Amino acid sequence: MKGIQVEKVGGSYDYVEEIVKPSPEKNQILVKSLVTAINPVEPFMQGTGMLVLSWPIVLGCDASGVVAEVGEGVSKFKIGDKVFGCTRLGHAGYGTFQEFFLMDENLAFKNEGNLSLEEAATVGVGVLTACLGLIRGLKMSLVPKKVDDSSEWVIIIGAAGAVGSFAVQIAHLCGYKVLAACPPSAIKLVESLGADATYSHRLPPEDQLKEIALITGGKFLRVFDASAFGAEVGMAALAKHGDPNAKPKYFSTTNDWIPIDLVEGIEIDLVTLGAIGKSGDEHQREVTAEIAAFIPQLEKLLGNGKLKPIEYEVVGAVGFKEVLKALDVYNNRKGSTKKIVVRVADE
């Protein structure tokens with residue numbers, strides 16, 4: 001089958017037509033790839049080799065498509081159902097930059113027609129990473145709750161990106177006032193998603209901390225760094241300006257590769273979406289089980305419109321060679337918060 005393959009660590013993305021078509025095993029589905037998204041994790045894996053279990057590899061982990069085959073024991077899906085979500089990262093057969101890819105039944109979203117194929121392809125990685133950061137890391141409950149004057153603040157750093165955009169929505173739905181760190185150009189966007197206030201992440205750290213203290217009045221004990229580069233400000237905000245009576249306070253970040261200095265009274269959680277679908281150790285099994293538990297709740301929120309897909313940009317025409325164009329656009333883009341998606345096949 002056709003697809004985009006990387007031969008080795010640091011190798012080029014190559015269009016090939018001889019990829020072996022995978023077959024679904026127990027509790028798995030085989031999906032015909034229709035729209036795939038571009039995420040930071042693809043160039044990260046291609047350039048570093050991290051998360052990749054074997055080479056050559058087809059990358060891509062965020063897509064929407066239609067069920068082509070079902071494995072033994074599958075009950076949620078049938079052939080022809082529309083499906084979307086995040087696949088296992090770095091596993092052969094699961095890459096979405098190819099004609100057919102595998103998904104685990106309990107880790108896949110069913111699209112009941114509420115989302116277009118393009119909208120659906122923007123959801124998986126962003127919403128699941130946000131849930132790991134907020135629900136697992138910051139100990140929130142994924143239960144809709146009204147925000148009022150007495151609500152606690154939560155700070156979301158990197159609020160304009162894919163993960164941050166979903167995090168703002170989810171935190172707001174969970175009943176928190178959201179203070180969003182974003183560039184000035186994205187203020188209207190994050191406010192439309194539910195942010196109650198914003199500050200510029202481009203300010204010097206001390207000025208950011210002053211803004212946080214002024215806006216929240218110290219009524220917060222949770223910070224989520226969706227940018228992976230906000231640990232300094234986030235940890236300092238909790239230590240210096242967070243609720244002095246709260247024990248513990250919580251910091252969660254998508255940065256799981258640069259060590260963060262421990263601070264007494266602050267619990268640190270590193271978001272590891274790369275564990276999805278894996279069972280090699282207890283942490284991977286825990287993360288996979290939590291993601292599986294999130295999905296039915298998220299399907300309802302997406303279905304009733306309380307949770308919305310993020311803005312996107314379609315690159316190219318139709319076909320797998322268009323993925324190469326999209327990767328170039330992604331690598332050369334500056335300033336845009338829209339997710340890049342590619343239509344790789346027609347229905």
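Residues are numbered from 1 along each chain as its sequence is written, and side-chain values use heavy atoms, with hydrogens and water left out. Because the model is predicted, local features need pLDDT of at least 70 and side-chain atom pairs count only at pLDDT 80 or more, while totals for chains, interfaces and linings use all residues.

A pair of aromatic rings is described by the distance of the centres and the angle of the planes. Rings of Phe, Tyr and Trp (its six-membered ring) pair if their centres lie within 6.5 Å, and planes under 30 degrees apart count as stacked, over 60 as edge-to-face and the rest as tilted. A search of the whole structure gives 2 aromatic pairs. In one of them, the rings of Phe44 and Trp257 have centres 6.4 Å apart and planes at 40°, so this pair is tilted. Phe44 belongs to helix H1 (residues 41–48) and Trp257 to the loop between strand S13 (249–253) and strand S14 (266–270), so the pair ties together parts that are 213 residues apart in sequence; helices (H or I, at least four residues) and strands (E, at least two) are DSSP runs, numbered from the N terminus. Phe44 is partly exposed at a relative accessible area of 31%, and Trp257 is likewise partly exposed at 42%, where buried means under 20% relative accessible area, exposed over 50%, and partly exposed in between (1.4 Å probe, protein chains only).

The other pair, Phe84 and Phe109, is stacked, with 4.9 Å from centre to centre and 15° between the planes. Phe84 in strand S6 (residues 82–86) and Phe109 in strand S8 (residues 109–110) are 25 residues apart, and their pair links distant parts of the chain. Phe84 counts as buried at 3% relative accessibility, and Phe109 is buried with a relative accessible area of 0%.

Aromatic rings also meet charges here, a charge being over a ring if NZ of Lys or CZ of Arg is within 6 Å of the ring centre and within 35 degrees of the ring normal. The charged end of Lys21 sits over the ring of Phe100, 4.3 Å from its centre, and Lys321 lies over the face of Tyr15, at 5.0 Å from the ring centre.

On a 1 Å grid over the protein atoms alone, a cavity is a set of points where a 1.4 Å probe fits but cannot get out, and a pocket is an open set with protein on both sides within 12 Å along at least five of seven lines; lining residues have an atom within 4 Å of a point. The second largest pocket holds about 210 Å³ of space, a volume being the space filled by probe spheres set on the points, with grid points joined across faces, edges and corners. Its lining has 15 residues, of which Gln169, Ser192, Leu193, Lys308 and Pro309 lie nearest the centre of the pocket. Helix H4 (162–173) and helix H5 (187–193) each supply at least two residues of this lining, and H4 gives the largest share, 4 residues.

The structure also holds 2 cavities of 30 Å³ or more. The largest cavity has about 40 Å³ of space, and its lining includes Met45, Ile57, Arg88, His91 and Tyr94. The second largest cavity also has about 40 Å³, and among the residues that line it are Cys86, Arg88, Tyr94, Asp104 and Ile276.

The backbone remains to be considered. Most residues other than glycine have a negative phi, and most peptide bonds are trans. A cis peptide bond joins Trp55 and Pro56, with omega about -5°, and Pro56 is in the loop between H1 and strand S4 (57–58). The bond from Lys247 to Pro248 is cis as well, with omega near -5°, and Pro248 is placed in the loop between helix H7 (231–241) and S13.

Leu51 has a positive phi of about 75° although it is not a glycine; Leu51 is found in the loop between H1 and S4 and is partly exposed, with a relative accessible area of 33%. Ala228 also has a positive phi, near 75°, and lies in the loop between strand S12 (220–225) and H7, where Ala228 is buried at a relative accessible area of 9%.
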